[in-house]
Amino acid sequence: MTVLAVGTWLAAQPQLGRRIVAAGHELGNHTQHHADIKQMSDDAAYTEIAVCAATLRTVTGSIGRWFRPSQTQHATATIKAAAARAGYPVCLSYDVDSLDYTDPGADAIVSTTLAAVRPGSIVSLHFGHPGTITALPALLAGLRERGLTPVTMTELMT
């Protein structure tokens, strides 16, 4: 799997960031503060991305390969330019929104996600929501039942 970390979370939990990488997962950039990047100026958007990149480098030795903008499904031209300036030539999106950040409970997260997921889907899930953690075993089992296997973004893109 690929974890796109918010820089403030990663700075507070560096050992978890290292654990993610050590377990063979990818760790990428999801901005420093998870603010609405679409509403930021060019310089502010760049700073959000660059500061998170610096945090990633401090924790893991790398800025990571992937960036996904915060609070928007799709990157604007301004976001794409800021990401490229910070070292991320690709901005990720997702096609399945689990809605887990609304805290609907584990069963709703599983049913919402499994109803929408397809081969090649990118699913948006969030740390910090107990329902997400509780949903993971059933969600992974449901993917396996459909013949789907979670992979990293690098694996998906190659």
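Which residues of helix α5 (residues 106-116) are buried? Let's walk through it together.

1. A word on the model: it is predicted, so local features need pLDDT of at least 70 and side-chain atom pairs count only at pLDDT 80 or more, while totals for chains, interfaces and linings use all residues. Residues are numbered from 1 along each chain as its sequence is written, and side-chain values use heavy atoms, leaving out hydrogens and water.

2. In α5, the buried residues are Ala-106, Ile-109, Val-110, Thr-113 and Leu-114. Buried means under 20% relative accessible area, exposed over 50%, partly exposed in between (1.4 Å probe, protein chains only). Seen down the axis, these residues fall within an arc of 110°, so they line one face of α5. The arc is taken from the directions from the helix axis to the C-beta atoms. On the other side of α5, Asp-107 and Ala-115 are exposed.

3. Helices here are DSSP runs of H or I with at least four residues, strands are runs of E with at least two, and both are numbered from the N terminus. Among the elements covering the buried residues of α5 are β3 (96-97), β4 (123-124) and α6 (130-145); contact means heavy atoms within 4.5 Å.

4. Now look at helix α4 (residues 77-85), where Ile-79, Ala-82 and Ala-83 are buried. They cover an arc of only 100° around the axis, which puts them on the same side of α4. The face turned away from that buried side carries exposed Ala-77 and Arg-85.

5. Finally, find His-30 in the loop between β2 (26-29) and α3. His-30 is buried, with a relative accessible area of 4%.
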